[in-house]
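Please read the following report alongside the sequence and the structure.

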Amino acid sequence: MSIENKTDENMTGENSTEKNSRKGGISVETDHIFPIIKKWLYSDKDIFLREIVSNAADAITKMKRLCSLGEAEADGEGYKIIVRVDKAARTLTVEDNGVGMTEDELTRYICQIALSGALEFIEKYEGKSAEGAAGSGIIGHFGLGFYSAFMVSEKVEIITKSYTGAPALHWVCSDNGSYEISDSYRESRGTSVIMHITDEEAAYLEVSKVREVLDKYCSFMPYDIYLETGEDEDKKSEKKPINTTSPLWLKRPSECTEQEYNDFYHKVFNDFRDPLFSIHINADYPLNFKGILYFPRLRTEFDSLEGKIKLYYNQVFVADNVKEVVPEYLFMLRGVIDCPELPLNVSRSYLQNNVYVNKVSTHIVKKICDKLNSLCKNNRDEYEKIWGDIRVFVEFASVSDRKFFDRVKDSLLLGLTDKTFMTINEYREAAVKGDGKDAKEKAEVTVYYTSDPAQQSQYISMFTAQGYKVAVLDHLIDTQFITAAERVYEKLKFVRVDADVSALASGADEKDKENKEIVGLFRKAAGNDKLNVRFVSLKDNRAPALLNLPEDQRRMDDFMKQYSFVTKTEAGRSVADATLIVNTSSPVYERLLGLLSTDEKKAEFLAGYIYKLSLMAHRRLDGEELYSFLSDSYDLICGI
Ligand code: ADP
Ligand code: MG
């Protein structure tokens, strides 16, 4: 006999109003379909073991269900699944003590491709349609999984005995699809699937390989799974199952401890460090999925690439990093998601267009935002401690998804140069305080920030001396982040400390103090006869001059640099566009004025020196600039 193919009357012949129409069902030749299944059903061969073990688990779930319904009697034996590697016989066997199969079931479910006994069981005993099968805990769905055994086997045998007491059966099928059923002997209820592994797939006869596949797919399956290898370790009296039958995500969040979350994380992700925080998701109807997400502690930025979300289906591992379930911008998260609404063998394109998957994804994002908000609100100290580690990712997520940004906008912290933190809203409130009654609504608030606290220390100290808080935004993502933030927060502007000194001035520009000769000297010093020079009286009279590069222009430059539209030398252009702010409140300014009429040479030297100082406070000097500054300084100290 050979494997039959299930055909469906409804599949074809829809248009029966046409005359002479003939109805029929598409039929498939086993000879043709078998090679297709072997090659194309699953891209990853490892999953055959997942499928066969899942069937064993389903058989046990059915048995338990029948017992609880009073349709079968439990025999007191513990439910278990044994995976046996027999290198000598070149077989891999999966054995269970589940429901077993009668001859009728064997021919019906095993000998007909795409007829799922799992589905029929759910419909019969759970009174649900396939779509509502999620609550049953049954893994099977499509009636295809069993055939994946042929991806690695030249022959598959089944020895099974049904709980009904029907005689045991032996089924043998070769990889061309022809099978034979005969009576057999088997002492106890259950099924053994014996796979005769082909020479090409001999790797599946290696214990280490089998263990690896079981660890990956079956670590959290609901019944004990034992690996028997025929090696010494089998003889140990108390053999342990390879899996955990009740993973932490199934427990109620209120019953889990921090320690349990951490232990689970260590185990699943092989990371000895504790995560920064965890999020336990327990979504009821209609989403009906569970999971635990972790924000890992990262050593370096590159570590982040290891983030991993493991997707499970009724405790069976399905895939890693399914971006349809967790958006790509949350790539650094680790965790497990168990989604019983998703069938086990689904394709990526199915996931993409699945409304349910989108809802799950949205829910996960919402939960992450909720967690951040609750940490910020209820556990501010802790939140500030981890902010340094999570900030880049939170900002990246905010930049990537406007909804995410809107959700967390009250919990985005600014790390200030004085090592304290403020939310953006707190910064805003502090800035408008005392500015009159309805200043809050009117005022556009400026967040002063530094992208390099060491290089920009001169500017920072001038701002902090005037009571301004300066935020440290020193990561690449910040260029995009501040632009996005200006769109999200109304009347908020980010200005780098070296972009505009207006806030530090005593008043408007001192037009009357503009001096053509001084401008000329500075232009000469800068080697730029178009250099903008402004005369401003700064509240701080120490710095004789400062360079300012307007925020918008510099952001554009940063952007060009990030996307490498400009070469390195072109990027240095920025200083050429800067404005030199001459501080008229500095005593050096008066000195320079005086020298103009008395000693032209000294005036030129002084203007050159002031310019170099302003350049140093602005950016790193290049070799020539540094040499020239040092030699000027040597001349100066000789005169002391
Ligand atoms: P699915 O699991 O999606 O229903 P499979 O091709 O994996 O499809 O299996 C087909 C059917 O064969 C199952 O639904 C079940 O009825 C039967 N079957 C497979 N393995 C076993 C087993 N170990 N014990 C009892 N029945 C089994
Ligand atoms: Mg199955």
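Lysine 155 stands opposite serine 174 in S6. Strand S5 (residues 153-161) and strand S6 (residues 169-174) run antiparallel and are joined by 6 bridges; strands are DSSP runs (E, at least two residues) and helices are DSSP runs (H or I, at least four residues), numbered from the N terminus. Two strands count as paired if DSSP finds at least two bridges between them.

This is a predicted model, in which local features need pLDDT of at least 70 and side-chain atom pairs count only at pLDDT 80 or more, while totals for chains, interfaces and linings use all residues. Residues are numbered from 1 along each chain as its sequence is written, and side-chain values use heavy atoms, with hydrogens and water left out.

S5 and S6 belong to an open sheet of 7 strands with mixed pairing, in the order S7-S6-S5-S8-S3-S2-S9. Strand S7 (179-183) and strand S9 (224-228) are the edge strands, each pairing on one side only. From one strand to the next the twist averages 15 degrees.

Another open sheet has 3 strands in the order S20-S22-S21, again with mixed pairing. Strand S20 (532-536) and strand S21 (545-548) are at its edges with a single partner strand each, so one side of each has no neighbour in the sheet. The twist here averages 25 degrees from one strand to the next. S21 pairs with strand S22 (residues 579-583) in the antiparallel sense over 4 bridges, and threonine 579 in S22 is the bridge partner of asparagine 548.

Angles run from 0 to 180 degrees between N-to-C directions, and axes are lines fitted to C-alpha atoms, for helices over the stretch in contact.

| Helix | Lies across | Angle |
|---|---|---|
| H2 (residues 47-68) | S2, S3, S8 and S9 | about 20 degrees to S3 |
| H5 (residues 207-218) | S2, S3 and S9 | about 170 degrees to S9 |
| H15 (residues 516-526) | S20 and S22 | about 130 degrees to S20 |

What is the angle at which the axes of H19 and helix H20 (residues 623-638) cross? They cross at roughly 130 degrees and come within 10 Å. H19 and H20 are therefore oblique to each other, a class for angles that are not under 35 degrees (roughly parallel), over 145 (roughly antiparallel) or 65 to 115 (roughly perpendicular). Residues making the contact include Phe605 and Tyr609 of H19 and Phe629 and Leu636 of H20.

Notes:
Chains are lettered from A and ligands numbered from 1 in the order in which they are written. Contact means heavy atoms within 4.5 Å.
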